[in-house]
Amino acid sequence: MTVPVDFGVVALATAFGERRDVAGAAADYVDDPERVLQWGYRSFHEAPEGTTPTDLAVRAAERALKRAGCGADEVDLIVLADSDVPEHLYWDGSTALARALGVRGTPTLLLTQACASGVMAFETVAGAMLVRPDVGTVLLVAVNQVSGAHRNRMRTSTCLVSDGAVAAVLRRGHGRLRWLATEQHTEPEYADFYRAEYGGSRVPFPPPGRSNTDLSVPQRVQEHFGRDPVKLLGFIDELYARLASVVARACRRAGTDPQRIARLVYLNDNQQTIREVARAVGIPAERTNAALAADLGHMGGADQLVCLDAHLTRGELADGDLVALAGVSAGMHWFCTLIAV
């Protein structure tokens, strides 16, 4: 199948917070460390005090541009995908990134569609290239840094959330790591599962004794379904079935067979979830990012590109391999982007 616009990834680079051992750090975050250890994570990354998401994004961007042999002033569009709480309200992190890179006049775009942002950005870039012939080189940066005032990285969900950024230099007509297709399914019934209760315009300040860190996504899901075990099991089945469906739809859009997928790169979720995702899609767990997830932690919308960079560096992908970058995010969105190595 011929894609409407042809572009590929010229270079990838990452920037992480400081590496911490889960076994040694869990007690700093929760009073039941064993629950966290059962997720299968060995380590995670935590940004040092004073480090901002913009700092991480700039480090990753500068490294990727250097690897691509490209100056920041040669970029035609800068896209920042930020999957956590922004540094400021009424503020655009993409322009702050451009300023830090010393760029003036270049269009920028900020994507905030939670953990889907980094993967769904490929379709956004494709659209920009399709309608703008002058867009030949794009700098895409995905960053995730936990705001401790809004969530507990080890308690809010069943992922251990980590701090990191990844940058990709995308170029029109580049023949390697080519974008083939992007698909998405959205189920608005579940729009509130991941929301932070306080700090927005509706409830700017928490009541006495409450905070956003009290949020538990699993608890909110149970309440939504009235704690009915049959409905809860049905929701879990839906999670995996929709993920398999969106991957298959992306393959159909690209004119290829899901059996050709050489590597399924999912969120850096807990080990059990990644195994279940692999089973649903029909991919052996060994051909997922499970091993990487255990050492990296969940970096929000940066997960898939971080892992893609690692798989390439480790020599785990060959020319012509089909890679599915997939996941589920707040919203809720199921999504998949196909890349041909």
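**Inside the model**

Guide: Gladly! The largest cavity has a volume of about 30 Å³. Please keep in mind that this is a predicted model. With a cut-off of 30 Å³ or more, the count comes to one cavity.

The residues lining the largest cavity are P53, T54, A57, L80, D82, E87, W91, G93 and V143. Two elements each give two or more residues to this lining: helix α3, which spans 53-68, and strand β4, which spans 77-82. Of these, α3 provides the largest share, with three residues.

Now for the nonpolar cores. The largest one has 81 residues, and those with the most contacts inside it are F7, F122, L170, L243 and L338. Helix α7, residues 229-254, gives the most to this core, contributing 10 residues.

F7 deserves a visit of its own. Leaving aside residues up to four places away in sequence, F7 touches F122, V125, A126, M129, L170, R171, R172, G173, H174, L177, R178 and W179. Two of these partners, F122 and L170, are also listed among the residues with the most contacts inside the largest core.

Finally, there is a second, separate core, which has 26 residues, including A15, V58, A68 and V169.

Key
Residues numbered from 1 in each chain as written. Predicted model: local features only at pLDDT ≥ 70, side-chain atom pairs only at ≥ 80, totals over all residues. Heavy atoms only, no water. 1 Å grid on protein atoms, 1.4 Å probe; cavity = no way out; pocket = protein on both sides within 12 Å on 5 of 7 lines; lining within 4 Å. Points joined across faces, edges and corners; volume = space filled by probe spheres on them. Helix = DSSP H or I, 4+ residues; strand = E, 2+ residues; numbered from the N terminus. Core = buried A, V, L, I, M, F, W, Y, C linked by side-chain atoms within 4.5 Å. Buried < 20%, exposed > 50% of the residue type's maximum accessible area, 1.4 Å probe, protein only. Contact = heavy atoms within 4.5 Å.
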